[in-house]
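Have the viewer open as you read.

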Amino acid sequence: MTVHDIKHAASDSARLEAVGGRLSRVDGPAKITGAAHYAVEQQLEGLTHAVLVGATIAAGKVTAIDTRAAETAPGVLAVLTPDTIMELRGASDWFGKAPAQPTFSPLVREVTFSGQHVAAVVAETFEQAVAAAALVKVWYDETPAIVDLSDGKAGDGIPIEAMTKEWGDAEAAFAEAPVRICAAYNTPREFQAAMEPHGLIARWEGDELTIWEPSQWLDGMARTYAEWFSIPFENVRLVSPYIGGGFGSKALALAHSAVAAAAAKMLDRPVKLVLNRPQNFTSYGGRAATRQTVAIGADRDGKIQSIVHRGVNETAVDGMWVEPLGSVTSIMYATPNFSSKQNVVRVNTVVPGAKRAPGENPSAFGIECAIDELAYELNIDPMEMRLINYAEQDPHAKKAWSTRQLREAFAAGAEAFGWARRSPQPRSMRDGHQLVGWGVAAGTYPVRRAHGEAVVKLLSDGSVVVESSSIDMGQGTYTILAQTAAETLGVPVENVTVKLGDSHFARAGVTGGSRLAGVMTGAVHKAAGQALDELIGLALSDPRSPFQKLQSNTLVVRDGRIASPRGEGPELLIAELMSAVGRDHIEAKGDTLPASTTPEERYKNYTTIAMSIPHTEGDYSRHSWCAHFVEVRVDEDFGTVRVSRVVSALDSGRLYNPKLAESQWKGGIIMGIGQALLEEGIVDRRHGRIVNGNFADYMLPTNADIPDIQTISVGIPDPHSSALGGKGVGELAIVGIAPAIANAVFHAKGKRVRDLPITLEKLI
Amino acid sequence: MRDFSYFRADNIEAARNAAALPGAMLLAGGTTLVDLAKCGVAEPATVIDISHIEGLNAIDASADRALIGALAKMSHVADNAEVKSFFPAVSEALWQAASAQLRNMATIGGNLMQRTRCPYFRDPANFPACNKRVAGSGCSAIGGVTRGHAVLGVSEACIATYPGDLAVALVAFDAEVDLGERKLKVEDFFLAPGATAEQEHDIRPGEVITAIEIPGSAAARRSTYIKVRDRQSYEFAAASAAVGLELEGDGRTIRDIRVALGGVATKPWRARAVEDALKGKALDEATIREASELAMEGAVDHGANRYKIALAPRVIARAILKLGETA
């Protein structure tokens, strides 16, 4: 649970505190002064420290583990192996599907990827645990590993029928099209690389478990712990006050989480376990490596006749991850004929996971590069090519867009960028030794919707408390929920305190898929509205209220003061009214679920993703949209690429706080620059092991790599997407950046690079 | 991290005596030692902290020479006005190295002792074979991921790249390293692996670097350091070049030229073949580019690092051309 004092944060403009105002992040001062204590920074009496031992092979069996030296090392309390760790029950997956195995051991005998946890040491100090972990000797019976998608043993993989999308006769129409392009586009294994590593503190008190752990989904993770240890859901309390970056990686309780919680139970002492940086590259999955083939057939005037798309992503030997590669391909452009199919290939890796815009991100890399190639083939301006094929409705769902300001995005972005001054020929723009290139690409992300609940309390001093088990990982939840409550209740924003990050608060589903803001502003708006109704009801009906004799139908609350709509009669502070009627608080719980929802359905709604609402439900197809314009400089001798300018115009619907939305968009664009030019998990193909699992060798962009970024909001309120009219923000902007850069590199250098990242040796 | 004993040396004699002990390692800025201890490569029995020794951080630079104490911080040397004026390549190599935080901690002496970034060297738990760590144990890098590995000065025992920047500039300008009893050319201080990859430096037990000295020259005054890498900051060089240039009075004939390479060799690499080919020649782009190719004589690639053979001569050529453009 975390509380922020907003009084010092309100500084900007007039309507700062209302929804849509540019209020600064209320958690900002705590973070920059170090007052913010992250999950594993909690100070607990008797805390012990666990360190993991990872497999040094990618496939095979553990034949023996010698723990004697470690057990007798100073400070060691326990050495856990698959033989000695307590048995856990299997937990259902995030859809709520029952586990394949009834039991679960987070330490393994059968190794399916390098770095998999095979043992753990618990000691009084962290240093003792590290030293003892190095003394654990493990013997293996190694078997050949499938190291990546290009491994000869990998094969074609498993067709995923649910990913097939087809209409018309795509292959025949492609064969007959007068203009055809066909190319393969590859993206490597990428990692979320959050600054804050994964880790947790677990403490048992009887059969009640408290976990301090960075989490994008308190209720879902609490449910997993409850199932592992066969205790009631209510017995687990998950606390996640701040999150130092998640990017999709922190929504699940993972094997290392189970090791810490089991060790705490076995030792009856609180246990802290934090993954070191290399372990953050092997203990949970990043973005799966992908391969796509995109074939486009078109008329000579550029009108697309057919798109044939085939995709493959890697998954684990013992886990399934589908990265939906046809998600953007199937909706971005109008085409009478379409076919998309996808396979997954099992390789010896930790099961891949969600990284910012899973699916849409690599999907856009394929289609947005391919349409650029078609534009050059036809000598049509790449932006014009996109407008020629503009989809007036969802080509796949055959439904109207709820809102689609993509045409407006192209217009606003092109104007701000100066696209009209572009010289069309590749290699035609230069600045000294630097070849200059301009590229464009579009992006999109669906509006994922779910339900949430919130508690709003009006206290006797007129202050307001909002509680929710949703979280803030830097995107601004604390801030926008304060703005929502303040506006709905008619109180100053500095009177509102938002409490998040405790699973004992009102429930929330996963913070992922850019859904939290839309869901939670709706829940807070509803709860605050109920609290306001109760306040006004009291004021009108309570015999002790000075408003009772007014015989008015309603009252208004503005700046924390209650009055009649026309101003006749008294004007009271909320605190004065509460005092007059003798109430110490008013509390309302609001949720966005239908009233008929059963308790079982509510539990399922918050602890699984099975009840998410499809973005094509009803009459509309709901998506955010964007257009990116990028300038790159490619050194003619060195092949190095630097991004020198980015202008992005984005349609996220109504923005609850433009300052925070712009910050998230820019974060996505920066992450996209890293994806385009730098990021790649490099596997030693002899050992199936990532060799650059650290922040010196896994390249992420530095400040020096990032130019000025201009973002332009072209969204309009979308009543079909959320209660207050917003669409998704967090993931949208990364979608389309990598192809925009690849397209700009082609314009600069005249060489098409279809394998990310675009490193210098590909352009020498 | 293993337990070790800690000894703070108050003067250089105490440091030398302690450094002679088996298993002793020096601690200055700590940016290399702490890092290598965390990844299990360095397991010192005794850590000798020399960071409190007084008088070892002086920077005394003029047109004639630069004398830089071993404990001078990288950031201080990079910022020194005389170093910038009379040895610009040294300053440029330093500020393009590491990150601002590391440069504020790391010392010049420690920088010379920086170890390779070869991922196999740095991961003993997963890759026990490494001739640098354990003589005769083999090389895990050959046949593995070699994008960053050396193409010059390699052997069957080791292909690990020397990662630093400063020493490349030092080698170009004939700098010496002061070890107390001995003074060595920096070029000779670094050892190519040959059959003894575990020996990276010509330094003996009980020797402590106290200073480096760079002789002044016209070429050092007109010098530059170009570092090429995918990331603009905080990355080791894919290829780098320290170049100094002195022209005849006609303003176009090369009287003296110094060329050294980083990021492509097992030690800071002086490219004398390029220097010899260009001395007395006119400053002409085609001539420069052709001569720069001579730096790659004897280069051996291991697949993924082949691009370095094409890249390095271009870095040299661009550095010379850049100096030619400056009056």
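Two residues are in contact if their C-beta atoms, placed from the backbone, lie within 7 Å. Please keep in mind that this is a predicted model, in which local features need pLDDT of at least 70 and side-chain atom pairs count only at pLDDT 80 or more, while totals for chains, interfaces and linings use all residues. Residues are numbered from 1 along each chain as its sequence is written, and chains are lettered from A and ligands numbered from 1 in the order in which they are written.

We can begin with chain B. Where they meet, eleven residues of domain 1 of chain B are in contact with 13 residues of domain 2 of chain B. On the domain 1 side of chain B, helix α1 (residues 12–19) gives the most, with four residues; helices (H or I, at least four residues) and strands (E, at least two) are DSSP runs, numbered from the N terminus. That side of domain 1 of chain B holds six nonpolar, four polar and one charged residue. Here Ala, Val, Leu, Ile, Met, Phe, Trp, Tyr, Cys and Pro count as nonpolar, Asp, Glu, Lys and Arg as charged, and the others, Gly among them, as polar.

Next, look at the strands of chain B, where two strands pair if DSSP finds at least two bridges between them. Strand β8 (residues 211–215) of chain B runs antiparallel to strand β5 (residues 65–69) of chain B, and five bridges join them. In this pairing, I68(B) stands opposite I212(B). Strand β6 (residues 176–178) of chain B also pairs with β8(B) in the antiparallel sense, over three bridges, and D178(B) stands opposite A211(B).

Chain B also touches chain A: the contact takes 22 residues from chain B and 27 residues from chain A. Helix α13 (residues 307–325) of chain B supplies the largest share of the chain B side, five residues. By class, that side of chain B has ten nonpolar, six polar and six charged residues.

Now for chain A, which has 15 helices and 34 strands. Its radius of gyration, taken over C-alpha atoms, is 27 Å, close to the 27 Å that the globule rule gives for 764 residues, so chain A is as compact as a globular protein of that length; the rule is 2.2 Å times the number of residues to the power 0.38. Along its principal axes the C-alpha trace of chain A spans about 80 × 70 × 50 Å. Buried residues (20 or more other C-beta atoms within 10 Å of their own, with C-beta atoms placed from the backbone) make up 59% of chain A.

Chain A is divided into domain 1 (28–36 + 449–607), domain 2 (40–144 + 192–281) and domain 3 (376–447 + 616–762). The C-alpha centres of domains 2 and 3 of chain A lie 38 Å apart, and their contact takes six residues from domain 2 and ten residues from domain 3.

Finally, find helix α7 (residues 360–378) of chain A. Just after α7(A), N379(A) takes a positive phi of about 60°.

Technical notes: Buried ≥ 20, exposed ≤ 12 C-beta atoms within 10 Å, placed from the backbone. Domains from an automatic or database assignment.
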